[in-house]
Amino acid sequence: MDKKELLKKIREIDIKSKILSDNIYTGQYKSILKGNGMEFSDIRRYSIGDDVKKIDWKVSARQRKTYIKEFTEERELSVFFLIDVSNSNRFTQKFQLILEVVGSLAFSANKNGDKVGAILFTDGIEKIIPLKKGKKHILSIIESILLMNPKSKKTNIENALRYFGKVFKRKTVLFVISDFLDKNYEKELKVLSKKHEVIPIRIADKKYETLPNGAIFTLEDSETGEQIVIENYQKNLTFKPKNTEKWINLYTDEDYVKEISKFFNRGRKI
């Protein structure tokens, strides 16, 4: 991709993402994510009408009087994108969808004054983009994804999640974007969700998810080159991760704006 093509592509994503952010995501992003991070501030004596959920039972037991914890709202969020750039996500339609989703959510974060960062990964960490604010920074994230020439074709989601958990200690809104065609990552996903606001976004293409019955198929792994033969005479076979009902599941032939909106409307978290 030469410089002229790159600038044209970035401009297209910039325009589309900002329109979607302004018209759809901003209100939902504010109501769902903004202000949900709370920091401990102080303790004080309980007063009638206070939320009993805020009672500090240990302090109350020691003092033999009822005390509650006070919290202050975190004014600024840290929003991070953990983006799978392995070979199975490099197909044109899936890759385009990833770019638009990242752009739209990042512009929503920017409009709220939040810092945005990203990690691009395969079976290793390919690139780390630190947390910063501003439109130029978001465009640089999009450019990094567009220009990424990964060292590896393979995927290791578990490794990427573990790396994030070790490096980033402060509570973060973490969008994990992948087709999740991998294994052994579920435990790390649960561990991270205890500390961070983890939102998995699964990118999928129906053409590669189901095999119709009544035929023999030779399949090649786009990341390893391994081939397998499947004799499918019984029923349609579906290849997709389990337990993704509460995730954001996006298909290349569907309206991803609608799906993300539905997720924000029904709640958040894994």
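Student: Which residues of helix H6 are buried?
Tutor: Keep in mind that this is a predicted model: local features need pLDDT of at least 70, side-chain atom pairs count only at pLDDT 80 or more, and totals for chains, interfaces and linings use all residues. Numbering runs from 1 along each chain as its sequence is written, and side-chain values use heavy atoms, with hydrogens and water left out. H6 covers residues 186-195 (helices are DSSP runs of H or I, at least four residues; strands are E, at least two; both numbered from the N terminus). Buried means under 20% relative accessible area, exposed over 50%, partly exposed in between, with a 1.4 Å probe and protein chains only, and in H6 that picks out Glu 188, Leu 189 and Leu 192.

Student: Within what arc do the buried residues of H6 fall, seen down its axis?
Tutor: On the other side of H6 you'll find Lys 187, Lys 190 and Lys 194 exposed. The buried ones line one face of the helix, because their directions from the axis to the C-beta atoms fall within an arc of 100°.

Student: How far apart are the C-alpha atoms of Ile 199 and Val 173?
Tutor: Ile 199 sits in strand S7, residues 197-204, and counts as buried because its relative accessible area is 0%. Val 173 is 26 residues away along the chain, yet the two C-alpha atoms are separated by 7.6 Å.

Student: What is the phi of Arg 64, roughly?
Tutor: Arg 64 is in the loop between H2 (57-63) and S2 (67-73), and its 77% relative accessibility makes it exposed. Though not a glycine, Arg 64 has a positive phi of about 60°.
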